[in-house]
Amino acid sequence: MISLLDRQVVFFGGKGGVGKTTCSSAFALAASRRGQRVLLVSTDPAHSTSDIFERPIGPEEREIEPRLRAIEIDALRESARYVGEVKRDIERMFAPAVIRQAHRQIDMAAASPGLADVALLDRMIDLIIEREARYDLIVFDTAPTGHTVQLLRMPEVMETWIRALVKHRRALVEIDRGTENQDEAVSSSDDPVLAALERRHERLKLLRARVLDRANTSFVLVTIPERLAIEETARAAELLAATGIGVGALIVNRILPDDLEGEFYRSRKAQESQYLQELTRRFSRVRRTDVRQLPHDVYGLASLALISEQLLR
Ligand SMILES: Nc1ncnc2c1ncn2[C@@H]1O[C@H](COP(=O)(O)OP(=O)(O)OP(=O)(O)O)[C@@H](O)[C@H]1O
Ligand SMILES: [Mg+2]
């Protein structure tokens, strides 16, 4: 994991409950204590970063330590903000009668789960692109695997969509202007809507370039030595590979201690060692970091630091 400290963006993903919040928080803490300015972003509606740092964190950046800040973003809140922005865009574009109709349609679309994803992605772009001057590293604690990877694939889809919109809008503006400037291409400086669409397009292109740049962005997969978690990790790794996103590390969390006694423990430990061998075999090309199960659950800075130590060992 030490090699990931020089990235600008690191995503933590994995199956529910394997330790994504624990490991991403510990990694962010470790990086900040080594001198980096770090922002930890939680996209999980359960807001567990507040629990782990034992203080309320919200939709505004909150300082945890001198170089560590955290923020919890919420898909529902982001949806409302996003819908507001889209409505304002449309108000600039159309006559009042059309606007009323359009608003009804947008309100219907706003109820669909897809919109929450678009809004969340939009907010992630904000954080990645617009705050890079203030942070050396942005760490994302994500909601369970499949979903986040799908989200990271979205710029691809949205780019096509936005490009079509830009083309359409440009044609409209050209018709509007009539024949006087036929030779001149319509530029975004002539039209606020075109400018807005192009800004969005540029932002998506930037995000895509960032996420696919392995020197800049990494995805860390967190798992535990158990059957279902391993299978889900394999699926996530495939999806990431197909998207072109680099897997920077595999964290195997909750490894049992070596020195316990008893039949129950021996049986669990034997099973664990088989799964660890399987992980070595199936993820031979990914750097692996093992994290031991602590005798207590992990919250508070002192307890997090014990996980940090293991991550950067
Ligand atoms: N190495 C560990 N030793 C002891 N307890 C751990 C360890 N890792 C995680 N835990 C505990 O396991 C629970 C789940 O961890 P965590 O919340 O980090 O998982 P998660 O993947 O973020 O879950 P979710 O999918 O719900 O967001 C927490 O109570 C945490 O304290
Ligand atoms: Mg979590």
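I take two strands as paired if DSSP finds at least two bridges between them. The model I examined is predicted.

**Entry: the sheet**

I looked up the strand order first. Eight strands form an open sheet, which I read as β3-β4-β2-β5-β1-β6-β7-β8, with mixed pairing. I then noted the edges: β3 (62–65) and β8 (288–292) each pair on one side only. Direction ignored, neighbouring strands of this sheet are turned by 25° against each other on average.

In which sense do β3 and β4 pair? I found the antiparallel sense, over three bridges, with β4 covering residues 68–72. Within this pairing I located E63, which stands opposite R69 in β4.

**Entry: helices on the sheet**

I recorded that helix α8 (residues 227–243) packs on the sheet and touches β6 (217–223) and β7. The direction of α8 makes about 165° with that of β6. Helix α9 (residues 263–282) I found lying across β6, β7 and β8; α9 runs at about 175° to β7.

**Entry: the second largest pocket**

For the second largest pocket I noted a volume of about 440 Å³. Which residues lie nearest the centre of this pocket? They are G17, V18, G19, T22 and R254, out of 23 lining residues. I checked which elements contribute: α1 (20–33), α2 (48–52) and β7 (247–255) each supply at least two residues of the lining. By class, I counted seven nonpolar, nine polar and seven charged residues in the lining.

Methods: Residues numbered from 1 in each chain as written. Chains lettered and ligands numbered in written order. Predicted model: local features only at pLDDT ≥ 70, side-chain atom pairs only at ≥ 80, totals over all residues. Heavy atoms only, no water. 1 Å grid on protein atoms, 1.4 Å probe; cavity = no way out; pocket = protein on both sides within 12 Å on 5 of 7 lines; lining within 4 Å. Points joined across faces, edges and corners; volume = space filled by probe spheres on them. Helix = DSSP H or I, 4+ residues; strand = E, 2+ residues; numbered from the N terminus. Nonpolar A, V, L, I, M, F, W, Y, C, P; charged D, E, K, R; others polar. Axes fitted to C-alpha atoms, helices over the stretch in contact; angles between N-to-C directions. Contact = heavy atoms within 4.5 Å.
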